[in-house]
Amino acid sequence: MSRYRLVAAAIIPILVLTACNAASPSAVPSSAAPSTEASASASASAEATPAASQGDKFKGVSVNLLTFNGPQVAEPLQRRAPDWEQLTGGHVNVVAVGFQTIYDKAILDASTGTNSFDGYVFDPQWLGDFVGPGYLLDLSDRVKGDTQLQWDDIGPFFRDFNATYNGKVYTIPLDGDFHMVYYRSDLLQKDGLKPPATWDDYMTIATKYNGQDLNGDNEPDYGSCIAKKKGAQSYWWIISIAAGLLQGKGTNEGAFFDTGNMNPLFGQNDAMNKALDMYAKTATVGPPDELNMDVGGTRGLFTTGRCALSMDWGDIGTLTPGTYAQDKTGATITPGWKEVLDRSSGKLVPCDANTCPNAVDGVNYAPFASFGGWSGAINAASPKANQDALYDFLSYMSAPAQSGIDVTLGKTGYNPYRTSHFSDTKPWLDAGLSQGAADNYLGAIKSSLQNTNMVLDMRIPLTKRYQQDVLDTAVSQYLAGELDAAAAEQAIADGWNAITDEAGKDAQLAAYVASLGVQR
Amino acid sequence: MTNPFRRRSATDLSAPAKVAAFGLLVGWSVVVLFPIYWLVVTSFKRPYDVDKGPFYLPFVDFQPTLDAWRYILVELGNDTLRPYINTVIVGLTSSAIALVMGSFTAYALVRFTYRPRIGLIAVAIGSIALALVTIALGVPVPVALAAAIGVFILLAQTIGRRFRRSLGNSDIAFWLISQRILPPIAIAIPLYVLFQQVGLLDSLAALIITYVAANLPIVVWLMREYFASLPRELEESAAVDGATVYQIVRSIVLPISVPGLVATFLIVLIFAWNEFLIALVLTSANAQTMPLQVAAQNATRGPQWWAMSVLIIIMIAPVVAMAIALERFITRGILVGALKG
Amino acid sequence: MPSSPRMSPALASSGNSVTADPDGLTAEGQASETRPPRRAIASLGAWRSDGAARWLFIWPTVLFILVLSLFPLVASLALSLSKLSFRQGGIDLKFIGFANYQQLLFGLERSHFLGVLKSPSPLGWAIVIGTLLLTAYAWTRAVRSGRYGPFGLILRLFAGVLLVGFVWLLVQAMVSEGGRPGSLIVTLIFVVVGIGLQYVLGLGLALLAVQQVPGRRFFRIVFLIPLTITPVGVGYMFLMLTDTSKGPLEPLWVTLGLRDFTWVTDPWLARAAVIIGDTWQWTPFVFIVLLAALESLDQEVREAALADGASRWQAFRHITFPALLPVTTTIILIRLIEGFKIIDMPNILLGGGPGTATQSMTLQAWIDWNTLNLGRSAAVAYLLLILVTIVATLYVNVVRRGVTETV
């Protein structure tokens, strides 16, 4: 009988443990509340908007906001949460996690019904995976009349494409992300060169400066620095290079799949041959371990003056003050091509009014809004009070008064996305840019934003698999010499087709077309 | 001053051999310490200094700054302190529990004979599977558990007796260590679901439970070795003198096996202290641990070396301190007396 | 189950306590003593535990692990046989049979998992045929020795076939024209080379650290440090160290004339870097365990041998090392099982690159997991499980059993 007694002895602790934990609620924000409230009341908020003080509107409401522990991205949210709390009484608990896991945490949380997060500041690319199962709140009606948010001030691309899915608004943009090419303005000026308009120009300039000492330390430097590390989101750069060849007729045409039959454009065709070839060529005029560099590394190389050219989001522009590259940096729209892909034949045709209606001076630019720009979304399953409160916070963050300052600061990781961000250069000067640099930088951003051929990042279900798994692997294998161009292209096409088939070709096509805002 | 390398006894190394040994030890110390030094130095650099190229000596090559330290300890103060405390609690608790449970099991596997019958094992597994399935289907936990135990007791008397072929101690031990084969990735999401069902998500309890289960096999296998190497005569003679098992374990076995226990505790503590993936999946706002903060310094646009270095340094400091404190227990001195006596 | 243990015949006659090992390797022979009195036998029995201790010591552990491991095990298997998708209000799991495995072993992912398999070169053929002949010879010898029953022979035949098949795979991937190892083989390389290095280094350091040299304590503490750093942190640390433009070794490269040197584009150099990082991190584990073991060793026999004129090497080889063998096999088994799961070092250093040169199996599972291809991720994990279970079983049965009495 002693055995049974032991068995009974085993049950009791289990039952006790379960009972205890069933009783205790998951108290989330209470521990964080006292410290932030203390600081909020202690410091008179200098940046509080002069709106009518509705200090009690959301009193007692506490929301959990999941985002990226940058320090960028989370920084402005954490900085402004106390101010907003001062204004409205609501509390925002910013839960910042590593980049790799925001997606996993958010989707696990929503799909398992845990719903510990009231909203997310994340990558609008993921709308494809979040909207379908209904995890996000439709914000269309709220944004229209919101005087704080000023929806129409937001750049049309970000308003109509990024924040919208299937005709409805699901996110509030806080940041505008797209690639640009940066160049050493002092070098180009000295040699009377213009910033590269096409990728062939890029290569020419890079080749010219490769091996020269560009920052006066007697060490040879590099012509081009583009991050190529595997598993570090480097697949975006190849998209930027290929986009100008793949999309000519405007954002609705899409740059990833054929909108008629869902055939991958990243497959065996002349455009990809050219793009891959160019990508590999940039490696020959770059740092020797460029294949293992991520964007932090190439950015560091550029700011220390070791690169003549580089490609990045808007960050380099705001990171130059205080570095060697200060006042020596110019920015320009991502170079394009003078040819474009004829999708039916798979061959390249020269650019003209028919094939490239958006071309500027004969060059088809296709600035790639890679990643889209950090945006705030709200959990559809949260209590209404939380939803209202979080919406107000996100609207506050995006409002011109706040965002106008945040986008000028490199530490926020937010880049301009509103018309009002360009109209006033003073915040930029305050941030340390010279007038010339600010004009140049903003000019490049404006010309990218106003380009009608901007490329929308992929936003269909399973986007991560298409890009982070298949594309990333194939491209790094190509760069490492494991696959030649044809094999790499085939690998991408096969991989993408397999995912499409698995998810259902018709469903994916419908989603792709919907994400492009194409009206059928 | 006497030569520190002199030969102290007949079985000791000769002086030149000692110098050589010393040299090798110093060599490996350099290999170990240089990266640590680099870490420390990096924590005092500005981002620009890190990018600019290798700078080795503070004040000579570059101007040190406390920016990274201030950022981690002050600006992110709460976000650093809470994970830190969590790590300490989870690490110490799970290691202590695992050590106690595992050491007893190890001793049992070395000194007792077990013959678990396959029939009984199958019934046990079936009962537990039943419990888990019913919990997953929404049945309240205590009910499911009671049902499973009832089923087990019933079937044990019937099916359990029917299949007599049995396994041995070695099989139990192998089964234990084989639990570590499956990579954490594969068990992360099932564990997430499991803890979600019992409402323990984002809690320290979930982490402690998981780490105990994960590290028990290590404790068992390591302590098995130490116990097995202990001569039986001591325990035997005590038994002949009428001591109970518990008395033997407490007064004879434990004191002798202190080196093994300490070494094992340190190892298991380190495993729990530094575990990343399970913590990543099971925690969000409250129960985050330090390894997550370290990994989070990898911004989407490049690792923040300076902040990461600070985090690593404050993470390893307590463990190293503990190692220093416990190191003397892994020495021979304590042992000699016990064996002779 | 009967509550009294089976008394070993040896005990009844000689008063020695021998735990009846199922495979018959008994403790070292002891001089028999006179039979102890009746009460003492009962006490001995209690010590060898007919009592509650027998259950109390072991059941908590077994139960705990059983409960926590069973569900993930079954759930992973279920996941690996299905396709996961998200729908309104929950998760959709669709059963797809072995499709994930099929993809890994024969389909689209084969080149990532097994590798690119091409026709072997002449050397490759030689290796395969040589292995085949050796295995056939060993098996026929086993048959002829008559020591094994039919079941044992079939088992051995199966193992032999596995071995030859495996060598065939290796050769096709590595000793062939245009072949390339996949994550399975890369993981094996990491494990075999890494653990070999770690053991040799760990043993050497432990032997040095028990000597009476000044600063012993300091060395012991210092050597422990790499293990205390979280693996992700070690990965980033090595990333910093191996950076050829701003890492601390840069002046070294420059003076050696290797200014443009990079190890990230060569697959074997990349693998070497991962192994070096892994070894730096895990040698302390071997070190501390062996150190504790060395400290626990009875020095009498060794001192007597040295006094009798044996050389240090002889003393080591015939006395110390054999005494360390049980711990050695344990530590290698543990490192083996842990080593197969290697992920942080290749992931952080290179992302699994260049191309897929340093992609370990767990890293492949991680990439799948991160892109929410949970089914395939679980399939890779299960293939890893099968592989390591086979390796561990073979290891325990062949190596440990031959070396120690506690298996």
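Which domains is chain B divided into?

Modeller: Happy to! Keep in mind that this is a predicted model. Chain B has two parts to find: domain 1 covers 14-60, and domain 2 is made of 77-108 + 186-336. If you take the C-alpha centres of domain 1 and domain 2 of chain B, they lie 29 Å apart. Where the two domains of chain B touch, seven residues come from domain 1 and six residues from domain 2.

Now let's stay on the domain 1 side of that contact. Two helices of chain B, helix H1 (15-43) and helix H2 (47-52), each supply at least two residues of the side of domain 1 that touches domain 2. H1(B) gives the most to this side of domain 1 of chain B, namely four residues. What classes of residue does the side of domain 1 of chain B that touches domain 2 have? Sorted by class, there are four nonpolar, two polar and one charged residues on that side of domain 1 of chain B.

So, to follow this on your screen, start with domain 1 of chain B at 14-60. Then look along H1(B), which contributes four residues to the side touching domain 2 of chain B, and go on to helix H2 (47-52) of chain B, which supplies at least two. Across the contact, you can look for the six residues that domain 2 of chain B brings.

How values were computed
Residues numbered from 1 in each chain as written. Chains lettered and ligands numbered in written order. Predicted model: local features only at pLDDT ≥ 70, side-chain atom pairs only at ≥ 80, totals over all residues. Domains from an automatic or database assignment. Nonpolar A, V, L, I, M, F, W, Y, C, P; charged D, E, K, R; others polar.
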